[in-house]
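Please go through the structure below with this report beside it.

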Amino acid sequence: MKYIGPFFRMNSLSIEEIKGQLFYLSKEAMKIIALNSKCGITLSNRNSKKSSSKNDINILNDFSPLVCVYKKSSPTFVHNKTSRSFDESSFKKDILPSTNAFMTLSLLELNKTYSNYTCENKNISSIKDIYKNLCESQLNFYCENLRNSEGFFVEKKNVSDSNSKNFSVVDKNKKFNFSDQAFMMIAYYMYSINYSEEDISKDYKSFSLEILQMFLDFKEALYNLSFNELCKILLALNIFFDISKNEDSKILLIDLTDFLINKFDEKDYFQDSIESCSLFYIILLDSFKHTDINNFYEKAEEILNKLKSLYDDEKFIFITEPNKKEIKYSSLEICFYFLALLLSYKEKESTIQDRNMISNLYKKYFINSSLVLSWPEAPTLDEMERYRSLSLKSKDMLNETFFRMPNSLSPNNTGIAPVFSKSVTYSLKKNSFRDSKASFDSSKNIYLFFMFIYYLKDDVMSYLFPESNKEDTANNIEETETKSDITEEITSENMNKE
């Protein structure tokens, strides 16, 4: 019998379950995009077989791993005799460097989480093998095909009808973005430390450090970039320092954080871009964590208070345009705003009001709107991933709500991949969302999936594998669970407002 769970589920949804759902959505969506969408240039069958494990399992049958992903397509699955994939006729074959770097980074991060799965598990072992080999193939492809004559990563386009062999990639835009170089820098470095025993890893590390040197050499040019572009670069530098502890990157990180704070104070970015403000808050938390500079934390708190002031506790939304009848939210805007609040809950002493705000926003945007086009099915009761520590013991069984809301529509129900809509529109008068057009924009989706994977993975793994945590991780869990006990339920008064 399928596990039924509690009747009134949203009333008991914990912060851990919200994190678990977003992480699971991102993990499964990236698997579909990278292995089954065919929305990009794919490895040849011969290379695919080399990449796969010797263990023949159903989830990897007939997969088509991507060495690069295209910019746009329809997210609707099309079936043929051997497999299903996105509709090839809908592909927009532009290839963006940052998006592809995020794809590789997501797979590398997911493979790190699989190191917690210490028991012999055929499914996990096979996924780890293919992700590792696929990441190497992707990085080799980027080096050979996504750079201009000067060596910078630039936007490309496949002008051939072929999506595997005999493809033809040409420059779409000869100008380069610094942020593209920054995220590629992380991808090559992360592979080099994750698989340091590989022959190619030394070359990848050297290549990554060459990109860092470019940033040091072009430092003055960075100050002329837009606020949003600088936010992306600073995000990348924080991630790079987190994995490398490179002192040169730390010095640049401090300089750019100081510069961005001053730039932020010159203009009201809350009127122009809640997305950038939310991202800047997340970045400031990282900059503070890596430097202990109090000014960074103080500015983060100032931004957080402003973000919270946008929240309407009657409609359970954040209002960016109060004088309009309808508000159009981009997926980046919603997800960065929500992630900022979710991370703030972990970083500071939070209240019941903070807990309710996060829960209500999650319900409003992620469950009751068309922001998420479908949600992957949870692991079944006979799968090890359904249990904490993979124990298969009833006392360790996770509710379905750790992975998804039980009544959410799955890809099998809808025929649509579990991806984010480009945007959703909310009517203030009707207090409801309008259905949005189903589309897949990889530049938004893979960026968001990476952000959720990167920022939520440690908390999710700590919850799933409590006995294997280091002492500091164990302390974090104890603190989180204490907060969860205090704020376990949403008040019926708030729930009844909706």
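## Cysteines

In this predicted model, Cys 231 counts as buried because its relative accessibility is 0%, under the 20% cut-off. A search of the whole structure finds 0 disulfides, and for Cys 231, which is in none, the nearest cysteine sulfur is that of Cys 277, 8.4 Å away. That pair is not a disulfide because the two sulfur atoms would have to lie within 2.5 Å.

Cys 143, with a relative accessibility of 21%, counts as partly exposed.

## Nonpolar core

The largest nonpolar core holds 162 residues, and the members that touch the most others are Leu 22, Tyr 142, Tyr 329, Phe 366 and Phe 420. Helix H16, spanning residues 442–464, gives the most to this core, with 14 residues.

For Tyr 142, once neighbours within four places in sequence are left aside, the residues in contact include Val 67, Cys 68, Asn 100, Met 103 and Thr 104, and also Arg 147, Phe 153, Met 184 and Tyr 188.

Strand S12 (residues 423–427) is mostly covered, with 5 of its 5 residues buried. Ser 423, Thr 425 and Ser 427 are buried on one side, and Val 424 and Tyr 426 are buried on the other, so that both faces are covered.

Strand S11 (residues 326–330) runs antiparallel to S12 and is joined to it by 5 bridges, with Glu 326 having Ser 427 as its bridge partner. S12 also pairs with strand S13 (residues 432–434) in the antiparallel sense, over 3 bridges, and here Thr 425 stands opposite Arg 434. S12 and S13 form a hairpin with 4 residues between them, and in the turn Asn 431 has a positive phi of about 55 degrees.

Conventions. Residues numbered from 1 in each chain as written. Predicted model: local features only at pLDDT ≥ 70, side-chain atom pairs only at ≥ 80, totals over all residues. Heavy atoms only, no water. Buried < 20%, exposed > 50% of the residue type's maximum accessible area, 1.4 Å probe, protein only. Core = buried A, V, L, I, M, F, W, Y, C linked by side-chain atoms within 4.5 Å. Helix = DSSP H or I, 4+ residues; strand = E, 2+ residues; numbered from the N terminus. Contact = heavy atoms within 4.5 Å. Pairing = 2+ DSSP bridges.
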